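The structure is shown first, and the discussion follows it.

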Amino acid sequence: MVDPSLRPIKRRKAARVLVVAEGTVLLEADSDPGIPGSGWYVTPGGGIDEGEDAVTAAVREMKEETGLDVEPGQLLGPIARRLVKHGYSDRILIQEEFFYRLDLEAKFTPSDAGFTEDEKESVKGFAWLSPDEIARNEVWPARLLELFDANPYTDDVLDLGEEEESTIPV
């Protein structure tokens with residue numbers, strides 16, 4: 001573990017996807033490898049690469065993190081945005097996140113075949129969680145149920161403001 005005062009800081013923009021099917025949300029079981037026993041659920045998604053827009057990044061991240069091929073027109077939104085600070089045992093990540101929604105008729109079995117080496121170490125699996133299950137677990141973003149309840153068919157973008165979600169505070 002890195003001395004908390006010496007953790008490198010990375011800033012980026014990111015796209016995340018709220019995948020909804022049969023009244024449940026697809027989440028990844030994430031962890032901080034530097035903190036044994038740590039864990040929470042997070043929506044699929046990640047950094048926006050140079051030259052990408054948020055929708056293109058969301059499509060790419062869905063393929064890499066779940067194995068699902070998505071067309072840009074299937075994504076609704078952005079439905080929300082926020083600025084988040086994540087303090088981990090080895091780094092600090094500060095990112096502006098744009099959330100999209102993908103409504104599917106049926107659940108699918110996600111694949112981790114496109115995971116990076118870091119994701120292979122930190123992500124411990126997938127789960128389709130109901131709103132009740134989401135309320136009983138630690139999820140990032142903590143206000144995930146607001147996204148689930150938001151009407152994705154409007155131009156309104158829910159502003160989640162600035163939040164911190166950390167295993168070791170920033």
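A residue is called buried when its relative accessible area is under 20%, exposed when that value is over 50%, and partly exposed in between. By that rule D90 counts as partly exposed, because its relative accessibility is 37%. The model discussed here is a predicted one.

**Salt bridges**

The structure holds 16 salt bridges. Side chains of opposite charge can pair when their charged atoms come close.

| Pair | N to O distance |
|---|---|
| E96 and R81 | 3.4 Å |
| R81 and D159 | 3.2 Å |
| R91 and D90 | 3.1 Å |

R81 takes part in a salt bridge with E96 and also in one with D159. R91, the partner of D90, has a relative accessibility of 35% and so counts as partly exposed. Elsewhere, D49, E52, R60, E61 and E64 are joined in a network of salt bridges.

**A buried glutamate**

E165 is found in the segment that follows β9 (158–164). With a relative accessibility of 6%, which is under the 20% limit, E165 counts as buried. Its side chain makes a polar contact of 2.9 Å with the side chain of R82. Setting aside residues up to four places away in sequence, E165 touches R82, V84, K85, H86, G87, V139, W140, P141 and A142.

In soluble globular proteins, nonpolar side chains tend to be buried together. The largest nonpolar core here has 18 residues, of which V17, V19, M62, L75 and L102 touch the most other members. At least two residues of this core come from each of β1 (9–21), α1 (54–66) and β6 (92–104), and α1 gives the most, with 5 residues. M62 is in contact with V17, V19, P44, G67, L68, V70 and L102, when neighbours within four places in sequence are left aside. A second, separate core of 17 residues includes I79, I134, V139 and L147; V139 is also one of the residues that E165 touches.

Methods: Residues numbered from 1 in each chain as written. Predicted model: local features only at pLDDT ≥ 70, side-chain atom pairs only at ≥ 80, totals over all residues. Heavy atoms only, no water. Helix = DSSP H or I, 4+ residues; strand = E, 2+ residues; numbered from the N terminus. Buried < 20%, exposed > 50% of the residue type's maximum accessible area, 1.4 Å probe, protein only. Polar contact = N/O pair within 3.5 Å; in protein donor to acceptor, adjacent residues only side chain to side chain. Contact = heavy atoms within 4.5 Å. Core = buried A, V, L, I, M, F, W, Y, C linked by side-chain atoms within 4.5 Å. Salt bridge = Lys/Arg side-chain N within 4 Å of Asp/Glu carboxyl O.
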